[in-house]
Amino acid sequence: MLKAFDRIDPATASRALELARETLQIEGDAIAALHARLATDDSVGRAVALLLNCKGRVVVSGIGKSGHIARKIAATLASTGTPALFVHPAEAAHGDLGMVTADDAFIAISYSGESAELMAILPVVKRMGSALISMTGKPGSSLAQLADVHLDVSVAKEACPLNLAPTASTTVTLALGDALAVALLDLRGFKEEDFARSHPGGALGRRLLTHVRDVMRSGADVPRVTADVKLTDALLEITQKGMGMTAIVDADGRPIGVFTDGDLRRMIEKVQDFTQVVIRDVMHANPRSITAEKLAVDAVAVMEQFRINQMLVVDEAGKLVGALHIHDLTRAKVI
């Protein structure tokens, strides 16, 4: 592909760049014009109030390019705290209108405001009692006149050189849909945690929904020894459990210290006979710990603050119930 592009003559390349910049300028101007228009237009405020008070879901519909925009608006609303779905108007006329209830709000998108597929179903939507918001470029259109609230998405011209392909108009419609979603998000008090719940597979979802208990090692996988064992026994525990450390616990199972392979490397220069060393004499007392109910990102913060790679997990009584290695958090994509 790059070789083919290299064969384009400079004049063609220059024209392509000119059209690209002109497209962005036209679409940017269209959004700026909408921004200015809304300064004296209360329709967005009325639409937001209608959607905020909706007891059901927001149904978004459109056909053709408007349909693609409608899908995106519905998806954005749904992921930011406003239950929403897309309904294809042609399918709605053949049964899918059963998805719509009197408690729902219906957003119909058509630049001309005369789309036959929409106009075939909207009288039914109105009769069942659903609130209707229209987004058109023609305030005098049939759809605009039928709606409870009309949102004007008209543009001076399309970015298409033929002024035919929906370009600037779809950009403006999408931008206004985003504006509605953001306004509703704020008014609903939607927080990061709420966003994470609707995006559990994303990076933010993993960070805000993953708890220490979900990634910690537990049971027999947790390295632990008592304070009276020899260093050699502690080293065997470290090797067998593969965490690069072992916890030292008291008789009640509470951690009183930790010993890491890093501590061992530092001891090599000072100790000649490891067989006589008792672990309590070389452990680090008062080790860092966290409870299983904490978020995994909290464990990451502590590890980064104190520059440690392992952390012990305790219950409310302070007893050892698990252990975390930085690699466990990496595998869980918390980091």
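Which residues of helix 3 (residues 43-52) are buried?

1. Basis of the note. The model is predicted: local features need pLDDT of at least 70, side-chain atom pairs count only at pLDDT 80 or more, and totals for chains, interfaces and linings use all residues. Residues are numbered from 1 along each chain as its sequence is written, and side-chain values use heavy atoms, with hydrogens and water left out.

2. Helix 3. The buried residues of this helix are Ser 43, Val 44, Ala 47, Val 48, Leu 50 and Leu 51. They fall within an arc of 160° when seen down the axis of helix 3, so they line one face of the helix; the arc is that of the directions from the helix axis to the C-beta atoms. Buried means under 20% relative accessible area, exposed over 50%, and partly exposed in between (1.4 Å probe, protein chains only). Helices (H or I, at least four residues) and strands (E, at least two) are DSSP runs, numbered from the N terminus.

3. Cover of helix 3. The buried residues of helix 3 are covered by elements including strand 1 (58-62), strand 3 (105-109), strand 4 (131-136), strand 5 (149-152) and helix 8 (168-187). Contact here means heavy atoms within 4.5 Å.

4. Two strands pair if DSSP finds at least two bridges between them; strand 4 and strand 5 pair in the parallel sense over four bridges, and Met 135 has Leu 151 of strand 5 as its bridge partner.

5. His 88 lies in the loop between strand 2 (84-86) and helix 5 (89-92). It counts as partly exposed because its relative accessibility is 26%. Leaving aside neighbours within four places in sequence, His 88 is in contact with Ser 61 and Ile 63.

6. Gly 189. This residue sits in the loop between helix 8 and helix 9 (192-197). The C-alpha atoms of Gly 189 and Gly 81 are separated by 9.0 Å, although the two residues are 108 residues apart along the chain.

7. The four-stranded sheet. Four strands form an open sheet in the order 6-13-12-11, with mixed pairing. Strand 12 (residues 310-314) and strand 13 (residues 320-325) run antiparallel and are joined by five bridges; the bridge partner of Gln 310 is His 325 in strand 13.

8. For "domain: CBS", UniProt lists residues 216-274 and 283-335 in an unreviewed entry. Residues 216-274 are 31% helix and 27% strand, whereas residues 283-335 are 32% helix and 30% strand.

Terms used
UniProt positions renumbered as here; feature names shortened; annotations may be inferred.
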